[in-house]
Amino acid sequence: MSRPRAKLTKDFPGCPVESTLCFLDGKWKGVILFHLLEGKLRFNELRRKLPSVTQRMLTKQLRELEDAGILSRTVFPVVPPRVDYELTAAGRSLEPVISALAAWGSKNVTREDGQTVIRLAYETKTAPPERDAV
């Protein structure tokens, strides 16, 4: 099983943004975290919320998040097997980040003619905010 880029080296990158993104690196991790913000979910509940992900990929992404300490996995010794996933304290601390991404997407990403496009809210109202020169 592959490991996130950050785990391939002894040291994290110098930039704190890159270090954070190393934990979230993966197509489905942010979406998994978004759904786990609602509370504990079983594996098949997550699969239903992510219909485009394969079982293999979901398992891989969940294991990487567990290895990073972002979520916990609880296996119940019953037949059929039951596995619950929930955010750890470290995972809960990502709530503002995930919520900010969700808010931005709700405000700026739309579907037009069957395609997903970005329409920034300020494009139709005012000019973009000025950035300070670095």
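## The three-stranded sheet

Three strands build an open sheet, ordered β1-β3-β2, with antiparallel pairing. Strands are DSSP runs of E with at least two residues, helices are runs of H or I with at least four, and both are numbered from the N terminus. Two strands count as paired if DSSP finds at least two bridges between them. β1 (41-42) and β2 (71-76) are the edge strands, each with a single partner, so one side of each has no neighbour in the sheet. Helix α2 packs on this sheet and touches β1, β2 and β3. Its direction makes about 90 degrees with that of β3. Contact here means heavy atoms within 4.5 Å. Axes are lines fitted to C-alpha atoms, for helices over the stretch in contact, and angles run from 0 to 180 degrees between N-to-C directions.

The model is predicted: local features need pLDDT of at least 70, side-chain atom pairs need pLDDT 80 or more, and totals for chains, interfaces and linings use all residues. Residues are numbered from 1 along each chain as its sequence is written, and side-chain values use heavy atoms, without hydrogens and water.

Six bridges pair β2 with β3 (residues 82-87) in the antiparallel sense. L71 has L87 in β3 as its bridge partner. V75 stands opposite V83 in β3.

A hairpin of five residues joins β2 to β3. P80 sits in this loop. The peptide bond from V79 to P80 is cis, with omega near -5 degrees. Most residues other than glycine have a negative phi, and most peptide bonds are trans.

## A second hairpin

β4 (residues 109-112) and β5 (residues 115-118) run antiparallel, joined by four bridges. T110 has V117 in β5 as its bridge partner. Two residues lie between these strands, and D113 in this hairpin takes a positive phi near 55 degrees.

## Salt bridges

The whole structure holds four salt bridges. Each is a side-chain nitrogen of Lys or Arg within 4 Å of a carboxyl oxygen of Asp or Glu. One of them links E38 and K49, with the closest N and O atoms 3.3 Å apart. E38 lies in the loop between α2 and β1 and K49 in helix α3 (residues 43-49), so the pair ties together parts 11 residues apart in sequence.

## The largest pocket

The largest pocket holds about 200 Å³ of space. A pocket is an open set of points on a 1 Å grid over the protein atoms alone, where a 1.4 Å probe fits, with protein on both sides within 12 Å along at least five of seven lines. Points are joined across faces, edges and corners, and the volume is the space filled by probe spheres set on them.

Its lining residues, those with an atom within 4 Å of a point, are G30, V31, F34, I98, L101, A102, G105 and S106. α2 (29-36) and α6 (95-108) each supply at least two of the lining residues. α6 gives the largest share, five residues. The lining has five nonpolar, three polar and no charged residues. Ala, Val, Leu, Ile, Met, Phe, Trp, Tyr, Cys and Pro count as nonpolar, Asp, Glu, Lys and Arg as charged, and the others, Gly among them, as polar.
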